[in-house]
Amino acid sequence: MSISFMTAATFRSHQDKLIDRVDATSSAIFSVLYCLARNPEKQEILRSEILKALPERDSPLTKENVASLPYLRACIKEAMRLIPVVSGHVRITNQDLMLQGYRVPKGTEVYMNNEAIYKGAKYFKGPESYIPERWLTKSERPKTFHSFVYLPFGYGNRNCVGQRFAKLEIESIIIRYYRLEWHYPEPEIETLSINAPRGDLKLRLCDY
């Protein structure tokens, strides 16, 4: 079987709108599926891991077997690095600061450009490549890597309140019996309050 499916309009959820009527979780799911479709060798590694944890078609997805899928979580993190849901974070300083010799007064809006950092060679080897393995071992990351470099859900008091639900939804989209393919140019990403694909999303599902 080989089918093309879904348009951007149907891909986006009509429930639980988060920002500007776009479901951030569905955008993250597209990032994961698209990156796997464009990187079949990584998709095969993931499929092998999933089949080991969930060998039967009716094998239940539980907290225990999800915990045994580190490559799945690495694939998700790497996709959200390459195609982040948000371009950055804005925070307002609650005190006067000195940042690398610059005085930043209290009450200043400070913008952290996640997208630029995620694709910076200073923090990621081969930043334009999809390499889930970088999240499995610290040896895959430069010494300049900092834990605050990667903040897809924010941090602290302004951390995304729905991140646990989002991660659960994303991890539940598991491909066991179909191979993902993409036979078109790179999708155009529209940046509003969040990043979302524009136009038809022509992912193809093929039988193994």
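**Ground rules.** I'm reading a predicted model, where local features need pLDDT of at least 70, side-chain atom pairs count only at pLDDT 80 or more, and totals for chains, interfaces and linings use all residues. Residues are numbered from 1 along each chain as its sequence is written, and side-chain values use heavy atoms, with hydrogens and water left out.

**Confidence.** I looked up pLDDT, the predictor's confidence in each residue, from 0 to 100. The protein averages 82, and 89% of the residues score at least 70. Over residues 9-22 the pLDDT is below 50. Residues 1-7 stay under 50 too. Where pLDDT is low, the predicted coordinates should not be read in detail.

**Helix α5.** Helices here are DSSP runs (H or I, at least four residues; strands are E, at least two), numbered from the N terminus. Is α5 enclosed or open? I found it largely enclosed by the rest of the structure, because 10 of its 13 residues are buried (under 20% relative accessible area, with a 1.4 Å probe and protein chains only). Among them are Y71, L72 and R81. The buried residues of α5 pack against α2, α3, α6 and α7.

**Second largest pocket.** I noted about 530 Å³ of space in it. A pocket is an open set of points on a 1 Å grid over the protein atoms alone, where a 1.4 Å probe fits, with protein on both sides within 12 Å along at least five of seven lines; lining residues have an atom within 4 Å of a point. The volume is the space filled by probe spheres set on the points, which are joined across faces, edges and corners. Of the 16 lining residues, R91, L97, L99, V110 and M112 are the closest to the centre. Strand β2 gives the largest share of the lining, four residues.

Definitions and conventions:
Buried < 20%, exposed > 50% of the residue type's maximum accessible area, 1.4 Å probe, protein only. Contact = heavy atoms within 4.5 Å.
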